[in-house]
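Hi everyone, thanks for coming. Let me put the structure up, and then we'll walk through a few parts of it together.

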Amino acid sequence: MESVSGNGSGDFPPETSASVLKDRRTDALGDLRVLPDEILCTILTKLTPRDVARLSCASSVMYILCNEEPLWMSLCLSIVNRQLEYKGSWKKTALHQLDVLDTYTEACKRTLQFDGFNSLFLYRRLYRCYTSLNGFSFDDGNVERRENISLEEFRKDYDGQKPVLIDGLTDNWPARKSWTSEQLSLKYSDTKFRISQRSSKKVNMKFKDYISYIQIQHDEDPLYIFDDKFAEAAPDLLKDYSVPYLFQEDYFDVLDIDQRPPFRWLIIGPERSGASWHVDPGLTSAWNTLLSGRKRWALYPPGRVPLGVTVHVNEDDGDVNIETPSSLQWWLDFYPLLADHDKPIECTQLPGETIYVPSGWWHCVLNLETTIAVTQNFVNSKNFEYVCLDMAPGFHHKGICRAGLLALDDGGFEHIEKNSMSHENSSNYSDHTRKEKRVRTCQPVENTDNGNCTDMSSCDSLGDLEYSYDVNFLAMFLDNERDHYSSLWSSGNCIGQREFRDWLWKLWVGRPGIRDLIWKGACLALNAGKWYERVKEICAFHDFPSPPQDEKLPVGTGSNPVYLMDDYVTKIFVEGGLEASLYGLGTELEFHHLLSNSTSSLKNYIPSVLASGILVFENGSYRVIPWDGRGIPEVIASSNLISPQHKEVDYPFGVWGKKQFEYQIAGTPSHELGNCDKSSSMWPYIVTKRCRGKIFAELSLHHLFCRRDNLSSKDALNLASFLGEQLHNLHLLPVPSPSPNHSIPMVIGDYTESSQGNGFSKNTDNPAESELFVRILNRRRNNVTKRLSEWGDPIPSKLIEKVNEYVPDDLSVFFDIFKNETEVCRSLTWIHSDVMDDNIYMTSGKNISDPCMEENMHVTRSDISNGQKHSWHPSHILDFSDLTLGEPILDLIPIHLDVFRGDSRLLKQFLDSYKIPFLRKESLKDEAQGNRSDQLSYRTMCYCILYDENVLGAIFSLWKELRTATTWEEVEEKVWGDLNNYAGFS
């Protein structure tokens with residue numbers, strides 16, 4: 001990095017001059033002088049440290065701008081690649097991260113002084129950096145203060161309604177005495193905690209280094225410990241406090257700790273640090289207890305956007321981004337502009353006090369001195385429906401929940417009117433031309449007495465509509481044209497799509513007393529009411545009993561709604577839109593037809609098909625059209641919506657048609673897949689025989705006694721053997737031959753030169769059936785870095801940067817080994833794709849009176865105390881809607897990560913039962929000679945990276961130590977290294 005010095009060149013004048021001071025901005029900035037300093041400083045943050053150093057030599061004003069501490073703080077946090085240690089200034093700290101601090105130590109000591117330049121922007125920022133907040137408390141706050149409040153009083157007067165500051169909840173906490181900077185330093189000096197800062201990277205810092213930093217820093221927005229993983233880094237801290245009795249109802253507690261969204265944080269920050277304006281994630285409520293120091297709070301009721309804050313809502317997935325000044329800047333620059341009736345509710349929080357923040361409330365926090373606090377977010381009966389509402393697809397309701405009627409555009413009232421008259425109509429596709437909505441801002445006026453309504457009459461004319469933070473009012477803004485199962489999931493949601501369904505299902509099974517409330521939430525988030533009506537229509541047509549009231553919620557975590565009734569299971573295909581659904585059902589029916597005509601024992605472990613067809617909504621009513629997968633249903637042919645390429649084959653929507661469909665969409669971002677997120681008027685479905693017993697995933701519902709972790713070793717090994725045997729049978733089933741007329745159009749980026757599926761351009765020895773599979777992989781390979789970056793945490797950013805070096809440029813190298821057609825293992829086999837814990841059925845070794853076997857019954861704690869044992873045996877594999885063709889190793893990925901949870905012992909047992917080599921004998925010889933593409937561990941790791949779903953997130957959640965891995969080879973060896981010892985035919 002170049003040193004900075006002034007030698008009198010350019011506009012660097014002598015340090016003394018008798019001439020009149022002249023504004024040096026024009027000469028020093030040239031054409032850039034038209035830009036405000038704020039814009040210039042923002043541009044500089046986009047450069048690399050080396051480029052900033054070079055630019056500082058260009059002119060005196062650039063020297064000034066390029067040596068600003070806030071700039072170097074931003075640069076440093078963007079390049080952190082090792083443990084963060086503050087070196088007295090952010091420039092030195094950045095140089096230390098780059099391993100060049102010793103080289104430029106002397107340059108850092110020399111600073112140049114220039115006259116003839118002033119900047120109000122830089123002055124205000126400097127002022128904020130050195131502002132003292134000793135007298136900044138708000139002792140006459142208007143947040144109600146209570147002490148010794150009962151649970152009944154809290155629920156009646158505050159829960160879900162308004163904030164309250166409560167004293168006395170922490171009197172018996174050890175943390176009241178032990179959570180001081182000095183005490184924590186003694187015990188956790190070398191413990192690393194996560195730092196919260198406006199940076200794309202996750203930054204950790206040793207506690208002793210952080211304490212050293214806060215003692216000498218003068219930052220406008222100082223580093224702030226805001227660690228949701230503190231219980232992993234310092235588990236003893238959990239012993240120092242307990243959840244106050246007022247907040248112990250938390251519906252997320254039905255999830256395992258590693259499945260629930262972030263919910264508790266250790267918060268430590270110096271003077272001037274804090275949390276800028278925000279609404280808590282997922283519209284959850286929160287409590288925050290202060291153990292040391294003082295905090296100043298400001299709060300607005302839902303829908304009242306604070307002055308200076310802008311809410312952005314993405315119209316594709318509903319992701320919400322809030323643009324806000326720092327908490328200190330807001331109080332210094334915006335707060336003085338507010339009229340008295342526009343000022344927020346405020347208070348100063350003292351040690352030992354707990355503040356409750358209801359769902360949807362805006363709040364901003366400023367630390368007046370070094371503070372230590374703990375906070376938790378929770379879902380209870382008062383905010384459950386709001387949390388579910390926020391998970392619903394679309395964007396209107398997300399904006400309305402946070403910004404009130406300011407989020408309505410000119411067509412907002414038409415949207416409400418259409419919602420109130422909503423009906424099943426496939427033509428009601430809205431034309432979303434904007435990708436993001438920027439909410440207008442204005443100064444809200446005084447709120448009404450209940451704190452949940454806001455009169456927005458001072459804003460743009462919005463008719464007589466009055467905003468209310470009421471779930472029925474907010475639900476009017478839901479987009480009925482989007483459905484949970486086929487719409488994009490917002491990356492900003494506090495929980496994943498599959499995990500959300502899992503949460504609702506576990507609540508439904510585990511807490512039957514609140515099923516009415518759960519059903520309301522499911523109707524908001526999943527459109528559960530409409531799906532229940534549709535499944536009843538299907539059942540009526542086939543003379544099957546409808547799902548009873550206690551089974552009207554779709555079961556499990558699958559991507560399509562599934563219903564249980566009597567001896568039947570009905571699955572409605574929704575995921576991916578109508579075309580994807582037709583290929584899903586068509587392929588599954590083709591597979592069942594093939595299996596029924598085979599001698600494979602696999603048919604004994606797959607539920608038989610009882611009915612299938614398409615449910616159609618037209619002219620205000622439903623009708624059912626039976627379909628066995630053969631031919632093209634008349635309703636599809638006449639709709640002109642979908643036209644399969646191969647109408648002459650028995651199964652035009654079978655597996656080869658599905659592979660071509662996969663090829664068409666491979667590598668395409670979800671938001672570019674057309675109208676798959678729009679509601680359809682047709683839904684394929686299948687009815688199969690119901691298995692008795694329990695879904696494997698459901699065993700984890702019975703806390704402390706039926707968890708998978710408590711399955712006996714014998715039962716676990718038996719499960720692994722069962723899966724190995726059945727995957728052996730599946731992968732040996734004959735695969736339908738592709739039609740001779742299957743035409744695969746050539747697309748830029750595909751390596752092959754053939755357009756008729758007659759070989760590879762790079763390797764003509766490969767069978768034609770593999771060509772389509774490799775093309776799909778290569779398309780996914782093209783945007784792998786972008787996809788992994790979008791998935792983000794917990795995938796390490798260092799590995800994302802190296803992914804293109806790890807994955808081969810052309811995936812056809814994986815198929816160069818397939819030369820000898822006399823070998824047992826074919827290049828492609830049937831692939832289930834989704835053998836996970838919710839697609840495995842288990843039966844108990846006890847008799848039928850076993851509570852775990854009875855419907856709607858559960859094992860009780862008394863069973864455990866009486867020493868009753870439960871032996872569980874796998875009986876069936878479910879859900880073949882994701883069937884495709886591919887390499888057999890692909891089926892091992894979900895099994896090892898989801899079912900086995902990375903247990904190498906179970907993986908070995910699976911392989912011992914599988915007994916088919918994943919590679920041919922020639923490739924095994926190549927592997928011995930060191931050809932990396934023929935190593936099972938490498939191939940499997942590459943498939944994990946190219947997988948449609950984020951299996952990498954599962955890997956880095958199961959093996960947390962791999963989050964510090966510096967190479968993909970480390971991950972490969974840890975997760976899949978055992979595969980290299982497997983040859984098959986044991």
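Which helices do the buried residues of H2 pack against? They pack against H1 (25-29), H3 (49-55), H4 (60-66), H5 (69-79) and H8 (120-130). Before we go on, this is a predicted model, where local features need pLDDT of at least 70 and side-chain atom pairs count only at pLDDT 80 or more, while totals for chains, interfaces and linings use all residues. Residues are numbered from 1 along each chain as its sequence is written, and side-chain values use heavy atoms, with hydrogens and water left out.

Back to H2, residues 37-44: its buried residues are Asp-37, Leu-40, Cys-41 and Leu-44. Looking down the axis of H2, these fall within an arc of 95°, so they line one face of the helix. The arc is taken from the directions from the helix axis to the C-beta atoms. Buried here means under 20% relative accessible area, with a 1.4 Å probe and protein chains only. Helices are DSSP runs of H or I, at least four residues, and strands are runs of E, at least two, numbered from the N terminus.

Now strand S8, residues 285-292. Here 8 of the 8 residues are buried, so S8 is largely enclosed by the rest of the structure. S8 pairs antiparallel with S15 (371-378) over 7 bridges, and Ser-292 has Ile-372 as its bridge partner there. S8 also pairs antiparallel with S13 (353-357), over 4 bridges, with Asn-288 partnered by Ile-355. Pairing needs at least two DSSP bridges between the strands.

Key:
Buried means under 20% relative accessible area, exposed over 50%, partly exposed in between (1.4 Å probe, protein chains only). Contact means heavy atoms within 4.5 Å.
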